[in-house]
Each structure stands twice: as C-alpha cells, then as structure tokens.
Amino acid sequence: MGSISADKELPFPVISFAPFLHGSSDDRAVVAKQLYDAFHTFGWVYLKDFDISEEEIDEMFAHSKRFFDRPIEDKKQYKVVSAAYSQGYTADGSESSDPNGGRSHKECYEHRRFNNELCVPAGDPSNFREFADEFFQKCLKLATEVLRALCMVMGIPETYWDDKLAKADPQLRLLRYMEIPKSTLEEPGHYRINPHTDYGLCTLLFQDQVGGLEVDPFHTGEFKPATPMRGTCVINVADLLQRLSNDKLKSTRHRVMQPEFAPEQLAELGPSGMLPCRYSTAFFVHPDPATMITPIVNEGEKPKYEAVNAGEWRTMITSRNYGYALPDSKNLTVATVAAEV
C-alpha cells in the first residue's frame, strides 16, 4: 500500500477532487489512489474542488442559522419521533452516543431523501425545505463519486454502489452548537459532541470557521484539531465501510470540544466566558436498508466481521443514541470475528 502524509499543520491530507470529476482516466486513477491511501492511513481527508461552491456552502449555513434562530416551540413541532426514521428536530441534550452517559450540547435538524414530514412546509417564505432538498442532492452526488473512486482501488466495479444507493436514504444534518460557558465543557462528561465514530458508509462534513472538531486518527486518545478551511469539506470513513473493507479503510473517532484560542483570546473569555456558536452540516451516507454488508476479502484473507443488514444496523444504533425502544427490529449481534494469531 502506498503512503500518504498529512500537512504539518493539519491532521490529514488535502486532496483536490476536480481531476476525478473532470479529468482523464489517468487523472481519476491518481485521485482514487490518494483518497484510498488517506482513508487507509487516517480515515479522514480534506476535499476541495468538488463542485459545491463556497457561496452555496455559505447559503447553506445562512439557512441553518435562520432555522435554529426560530423560537424553541416552533422548532419542537418538527421533533424527531422515531428511531426507525430519524427525521426532524432534536433539542440540546436529546441525543448522545456516549456509553458513559455524557452530554452533548447541540441542536440538530435531520433532512432525508424521500420523506420530510417534520420540516418547514414547502412554499414557506424561508425557502428552507426547497434549499435543503437541493443541497441534499448535491451531497448525494458528491458522496456517490467518492465511493466510486474507492471502488477503483478496491478492485470492484465502479457500478458496485449503483443498486445499493438507488433507494438509499442518507441523512443531511444541520447542527448548531449553541453558546456555552467554557467552564461547562471543562467538566467531565460534557462535550459539544462526545467522542464517537460514525456508523454508516462515510460522512461529508462542512464546518464554519469557529473550530472545535478534533480527530483521533490512530485511536490513541490523542485528539488533533481538524482546523476549518474555507472551500473544503472533510470526509471520514464510517463503520459500515470499515467493515466492508475488512479494516483496510479506517472509521476514525472524533469529537467537538471548545475551539483552540490564542492566550489573549482565552484571557478575554475569562474562567466561565461564553464560547461562540458553532455551525456545521453533516451528510451521513447510508446504503439501501436491504443491503447486506459483507466484508470484501482478498484471496487468502479471512473476514474480520460478520455480515450485517444495513437497515437493522442503522436502526439499532439510532435507537440507542436517542434512547428509543427498537421498533420492529432486533438488537443485532455484531461481534468482531477474532483474528487468528
């Protein structure tokens, strides 16, 4: 496997996607290998030149801010009510993937591909639903191309994902990490979002310039800041893609904490000073719920994971995170197959 290194100031590489989208077959092969090596080594990459403009990203954040600025009672009418279909609004503290009961301080709105009943109505003067639908499709197109690029290196046809994404229902999540006293995040068990891995195939993440995202690329507990860069999104491997690749691609732990501040900025905040709002938008890529995720192995290689149904996997983890009972599903046994020494 070839090696790829991160920038001295960044925890993982920056890759231009334009040559894959618009270049020759040789250009596409080079970018595909860069992506694969970055996901193999770090699990994350900064992507630039991916046909979603800075202006479109700015517009998305403007829509996000206007939605979250609505009165809380207005937002609650769109509250998520089902783990089987997590669509709608979640308030501060409503969701956590921390097994130790830690609290994540954020609010979210989830938008889906086929059904968005818990959403601002079409025709509303805000144009929120219409923009969310349009931005969703742009993210789905980009994610599909990223997965096709990985196919080129994994030795499987670029069409591998066609049937698995035709009825897929990814999740566009708008997030606001509200203003919060710095001292709160210094208490044990309090985060803007607790350390976790994502549980689908991969995630596209757009972040504003506030900062606070941290990545633990080697799962050593040493978190490194994923510094915001205008004109980029970050993409990370999630659990199902790690399982599918038989651990060749890495689902990397990450969290959101207080931003990095210069000493003079910290002095201005004081011991309990208010940290500014942070906005981000994630696009969680999940396959068709009927898809079975079975590790792809090379000759002589043994699978490290049992096959899992993607829909049951998603519902199980969403139920756990929101504290809902499992609806019409089962608590999957997803044990790792022990490697022989």
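Reader: How many nonpolar, polar and charged residues does the lining of the largest cavity have?

Author: Rolling a probe the size of a water molecule over the atoms shows where empty space is left. This is a predicted model, in which local features need pLDDT of at least 70 and side-chain atom pairs count only at pLDDT 80 or more, while totals for chains, interfaces and linings use all residues. Residues are numbered from 1 along each chain as its sequence is written, and side-chain values use heavy atoms, with hydrogens and water left out. The lining of the largest cavity has seven nonpolar, one polar and no charged residues (Ala, Val, Leu, Ile, Met, Phe, Trp, Tyr, Cys and Pro count as nonpolar, Asp, Glu, Lys and Arg as charged, and the others, Gly among them, as polar).

Reader: Which residues line the largest cavity, and what is its volume?

Author: The lining consists of Met60, His63, Phe128, Phe131, Ala132, Phe135, Leu172 and Leu174, and the volume is about 60 Å³. A cavity is a set of points, on a 1 Å grid over the protein atoms alone, where a 1.4 Å probe fits but cannot get out, and lining residues have an atom within 4 Å of a point; the volume is the space filled by probe spheres set on the points, which are joined across faces, edges and corners.

Reader: Which element supplies the largest share of that lining?

Author: That share, four residues, comes from α5, and α3 (54-68), α5 (128-154) and β6 (171-177) each supply at least two residues (helices, H or I, at least four residues, and strands, E, at least two, are DSSP runs numbered from the N terminus).

Reader: At what angle do α2 and α5 pack?

Author: Two packed helices are described by the angle between their axes and the distance between the axes. Helix α2 (residues 25-41) packs against α5 at about 90°, with the axes 8 Å apart (axes are lines fitted to C-alpha atoms, for helices over the stretch in contact, and angles run from 0 to 180 degrees between N-to-C directions). α2 is therefore roughly perpendicular to α5 (angles under 35 degrees count as roughly parallel, over 145 as roughly antiparallel, 65 to 115 as roughly perpendicular and the rest as oblique). The residues of this contact of α2 with α5 divide into eleven nonpolar, no polar and two charged.

Reader: How do the axes of α3 and α5 cross?

Author: They come within 11 Å and cross at roughly 140°, so α3 and α5 are oblique to each other.

Technical notes: On a 1 Å grid over the protein atoms alone, a cavity is a set of points where a 1.4 Å probe fits but cannot get out, and a pocket is an open set with protein on both sides within 12 Å along at least five of seven lines; lining residues have an atom within 4 Å of a point.
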